[in-house]
Amino acid sequence: ISPRMLDVARGKLAGVPGVTLVEATADDLPFPDGSFGVAVCVMSFHHYPRPEAALGEAARVLASGGIYVIADPLRESGTLEESIAAKRADKETGEYAIYTPRELAAMAENAGLEVTGEEFPAEGCFLLVMKKP
């Protein structure tokens, strides 16, 4: 959603074949249904104001059997509501909410994705692996 970040990426990817950069939001992707076999979201899901819609869009653009991986910061305590309230108060970060793996898994399942794995690759973050049936 940031033209400036896309300009930086274009500079870094100049000359790399097969790369297409697209400006869009995660909850309104400009791709046809079933377009991708794999989708990855690294350390950005907590910025989404409409996380359920973003998961629904990921499920929509994934082909049957497609894999979706989300890596995000880990919230280990407190409620989701407290997390949202705290992040809304901190407008400088652009963050919306920090989720537990269980909260994110429930949202993913509601979007039609099957959670197939959960990992904790480093302190303070987690990885959720999902599959579109």
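Predicted model: local features only at pLDDT ≥ 70, side-chain atom pairs only at ≥ 80, totals over all residues.
Residues are numbered from 1 along each chain as its sequence is written, and side-chain values use heavy atoms, with hydrogens and water left out.

The sheet comes next. Helices (H or I, at least four residues) and strands (E, at least two) are DSSP runs, numbered from the N terminus. Four strands make up an open sheet with mixed pairing, and their order is 1-2-4-3. Strand 1 and strand 3 (114–119) each have a single partner strand and stand at the edges, so one side of each lacks a neighbour in the sheet. On average, and with direction ignored, neighbouring strands of this sheet are turned by 15° against each other; such angles run from 0 to 180 degrees between N-to-C directions, with axes taken as lines fitted to C-alpha atoms, for helices over the stretch in contact. Strands of a sheet pair through backbone hydrogen bonds, either parallel or antiparallel.

The pairings can now be followed across the sheet, where two strands pair if DSSP finds at least two bridges between them. Strand 1 and strand 2 run parallel, joined over six bridges, and here Val40 is found opposite Val69 in strand 2. Strand 2 and strand 4 are antiparallel partners over seven bridges, with Tyr68 standing opposite Met130 of strand 4. Strand 3 and strand 4 (residues 125–131) are also paired in the antiparallel sense, over five bridges.

Helices accompany these strands. Helix 2 lies across strand 1 and strand 2 (62–73), and runs at about 145° to strand 2. Helix 4 (residues 101–110) packs on the sheet, touching strand 2, strand 3 and strand 4, where contact means heavy atoms within 4.5 Å. The direction of helix 4 makes about 20° with that of strand 4. Strand 1, helix 2 and strand 2 together build a right-handed β-α-β unit: with the strands pointing away from the viewer, the path from the first strand over the helix to the second runs clockwise.

The structure contains four salt bridges, each defined as a side-chain nitrogen of Lys or Arg within 4 Å of a carboxyl oxygen of Asp or Glu. In one of them, Arg10 pairs with Asp7, and their closest N and O atoms are 3.2 Å apart. Because Arg10 and Asp7 are three residues apart in helix 1 (residues 3–13), about one helical turn separates them.

Asp27 and Arg50 form another salt bridge, at 3.5 Å from N to O. Asp27 sits in the loop between helix 1 and strand 1 (36–42) and Arg50 in the loop between strand 1 and helix 2 (51–61), so the pair ties together parts that are 23 residues apart in sequence.

Being three residues apart in helix 2, Arg60 and Glu57 are about one helical turn from each other. Glu57 is buried, with a relative accessible area of 12%, while Arg60, at 23% relative accessibility, counts as partly exposed; buried means under 20% relative accessible area, exposed over 50%, and partly exposed in between (1.4 Å probe, protein chains only). Asp33 joins Glu57 and Arg60 in a network of salt bridges.
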